[in-house]
Amino acid sequence: MAFAHGYVLPQKEMSAGEFRAWLRQFDSDHDGRLTLDDLHRALRSLHAWFAWWKARRAMKQADVNRNGLIDMMKRSNSNGDDDDEEMNRLISYANQHLHMKIYQYDSSSSC
């Protein structure tokens, strides 16, 4: 990772955990949730064109419960599984529209 204006810039290829860690530095109130302004600052750090518009689009695509926040922390659902839908949707958006490659590690496979 590289540094720019006090923020750590991500590589074009990273794991979902690295993506979360990068986004965590933009969580202004450190509550584990990203606001629209937090996303905007993250995209501006990438020098993305139309960062405000892309942040709005990412929020619209990822915010499942429409509370204006993207939950970054894993929570257990009623089945006892980790519910990570908002982050998964944000990762999907970044892969498709921000030209990033964010991959999930498969814990069952070994290298």
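Accessible areas here come from the Shrake-Rupley method with a 1.4 Å probe, and for residues only the protein chains shown count as cover. By that method the protein chain exposes about 7200 Å², of which carbon and sulfur atoms supply 50%.

This is a predicted model, in which local features need pLDDT of at least 70 and side-chain atom pairs count only at pLDDT 80 or more, while totals for chains, interfaces and linings use all residues. Residues are numbered from 1 along each chain as its sequence is written, and side-chain values use heavy atoms, with hydrogens and water left out.

Let me turn to the fold. The protein chain holds 4 helices and 8 strands; these are DSSP runs, H or I of at least four residues for helices and E of at least two for strands, numbered from the N terminus. Their order along the sequence is β-β-β-α-β-α-α-β-β-β-α-β. Of the 111 residues in the protein chain, 37% are buried, meaning under 20% relative accessible area with a 1.4 Å probe, protein chains only. Contact means heavy atoms within 4.5 Å. Among contacts between residues at least 6 apart in sequence, 50% join residues at least 24 apart.

A search of the whole structure returns 1 cavity of 30 Å³ or more. A cavity is a set of points, on a 1 Å grid over the protein atoms alone, where a 1.4 Å probe fits but cannot get out; lining residues have an atom within 4 Å of a point. The largest cavity contains about 70 Å³ of space, a volume being the space filled by probe spheres set on the points, which are joined across faces, edges and corners. Its lining includes F19, W22, L39, A58 and Y93. Helix 1 (16-24), helix 2 (36-45) and helix 4 (85-97) each supply at least two lining residues. By class, the lining has 11 nonpolar residues, no polar and no charged; Ala, Val, Leu, Ile, Met, Phe, Trp, Tyr, Cys and Pro count as nonpolar, Asp, Glu, Lys and Arg as charged, and the others, Gly among them, as polar.

Finally, the annotated region. An unreviewed UniProt entry places the feature "domain: EF-hand" at residues 14-49. The end C-alpha atoms of this span lie 21 Å apart, and the span is 53% helix and 11% strand.

Leaving aside neighbours within four places in sequence, D38 is in contact with F26, D27, S28 and R33. Q25 lies 13 residues from D38 in sequence and 9.1 Å away in space, C-alpha to C-alpha.

Conventions
Buried means under 20% relative accessible area, exposed over 50%, partly exposed in between (1.4 Å probe, protein chains only). On a 1 Å grid over the protein atoms alone, a cavity is a set of points where a 1.4 Å probe fits but cannot get out, and a pocket is an open set with protein on both sides within 12 Å along at least five of seven lines; lining residues have an atom within 4 Å of a point. UniProt positions are given in the numbering used here, feature names are shortened, and annotations may be inferred rather than shown by experiment.
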